Amino acid sequence: MNVGLKTQILASGGAAVAAAARILAQGGLVAFPTETVYGLGADAGNADAVARLYEAKGRPAFNPLIAHVGDRADAERIARFDATARALAQAFWPGPLTLVLPKAAGAAVSDLATAGLDTVAIRVPAHPLARDILRALGRPVVAPSANLSGHVSPTTAAHVQADLDGRIDLIVDGGAVAVGVESTIVGCFETPMLLRPGGLPREAIERVLGCQLAQPPADADHDTSKPLAPGMLSSHYAPRTRVRLDAARIEPGEALLAFGAAIPEGAERASAVMNLSPRGDVTEAATHLFGYLRALDAKAARTIAVMPIPHEGLGEAINDRLRRAAVGRE
Ligand code: TXA
Ligand code: MG
């Protein structure tokens, strides 16, 4: 790793893509934009690089990572697809959908990256820079969100720099991301299961499947010995400031994370106000969620009070991240 040295930042373009592929091939760590959030990439098949990635994030090593590939043919080299998986890949790749599938024998994904599981999480990102880097490297890249473990995911290169400067080799700056929350994760088990709500709404997936997605057992979040999506620790997304949900009235000294045109009682007393979407659009709200949480967290308010967000479309993913942010850590 690059500890102590300043991390190089390159604006998007051919030189940045070439540098990213070269550094990844040499076992280095590169942050790059995807359409959902910025990812911190390492060569999936290089266990030393993956170990450095866990170290750079300060991430517990039992969290398996998502392997990013350039297209469906590359995906079929590392996992076994059934008809359901093919239908979902056909409908939604490239895009914000991750599929958990049985890992193929000889897959170029180290056991460390999959935390010893016999399944592998895969996605084909839609961001042109991510795809160019994957194509230039020609191998799967594991990439968790490019933040320190426990922090909210980065949606700009500046967020990545704030968390990981000096800990990784390169940040490729592609501007603000389009979606703003992480990919939706579907476990392609006997009954397809929604392991994590995310940037692709559940409704779109269920339309293609022609049936409802199964829900993980209610205690799956807490049982880290037998995890379904083991990274989904309840407090995964927590900012430092306490978060209060479904706020209908604002107390003095609270910061307000608003949604829609209605102003809650006491809003004039808020120490800071940011509105996820004044016109009440959940897709727009998703693009602002992590950036606004970071900004309000920096205000040292007593509490971040969050107005209710409708539970439809990307609202399910937003409410999932907010619920985790509100759990708080010891
Ligand atoms: O949008 C995204 O998915 C971003 C961008 C960078 O692609 N990546 C991301 O990665 O959110 P990360 O590491 O923060 O989250 C990966 C999630 C974790 O909850 C992990 O437990 C789950 O994927 N996961 C990975 N492999 C799994 C597997 N074999 N079975 C079940 N869950 C798995
Ligand atoms: Mg993450």
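Guide: Start with a definition: a salt bridge is a side-chain nitrogen of Lys or Arg within 4 Å of a carboxyl oxygen of Asp or Glu. A search of the whole structure finds 21 of them.

This is a predicted model: local features need pLDDT of at least 70, side-chain atom pairs count only at pLDDT 80 or more, and totals for chains, interfaces and linings use all residues. Side-chain values use heavy atoms, with hydrogens and water left out; residues are numbered from 1 along each chain as its sequence is written, and chains are lettered from A and ligands numbered from 1 in the order in which they are written.

Now the domains. Their bounds come from an automatic or database domain assignment. It gives domain 1 as 8–209 and domain 2 as 242–326. Their centres, taken over C-alpha atoms, are 28 Å apart. Domain 1 puts 24 residues into the contact and domain 2 puts in 14; contact means heavy atoms within 4.5 Å.

Next, the area. The size of an interface is often given as the accessible area lost when the parts come together. Here buried area is the accessible area (1.4 Å probe) that two parts lose on being put together, summed over both. The two domains bury about 1400 Å² between them, with 57% of it on carbon and sulfur atoms. On the domain 1 side, Val152, Val181 and Pro197 supply 36% of the area buried against domain 2, more than any other three residues.

Then the polar side. Three salt bridges run between domain 1 and domain 2. There are also six residue pairs in polar contact between these domains, both residues at pLDDT 80 or more. A polar contact is a pair of N or O atoms within 3.5 Å; within protein, one must be able to donate a hydrogen and the other to accept it, and residues adjacent in sequence count only if both atoms are side-chain atoms.

Which elements carry the domain 1 side? Those giving two or more residues are helix H6 (157–164), strand E10 (193–196) and helix H7 (202–209). Helices (H or I, at least four residues) and strands (E, at least two) are DSSP runs, numbered from the N terminus. By class, this side has ten nonpolar, nine polar and five charged residues. Ala, Val, Leu, Ile, Met, Phe, Trp, Tyr, Cys and Pro count as nonpolar; Asp, Glu, Lys and Arg as charged; the others, Gly among them, as polar.

Two individual salt bridges follow. Glutamate 182 pairs with arginine 321 at 2.8 Å, N to O. Glutamate 316 pairs with arginine 202, and their closest N and O atoms are 2.8 Å apart. Glutamate 316 lies in helix H9 (residues 315–327) and arginine 202 in helix H7, so this pair ties together parts 114 residues apart in sequence.
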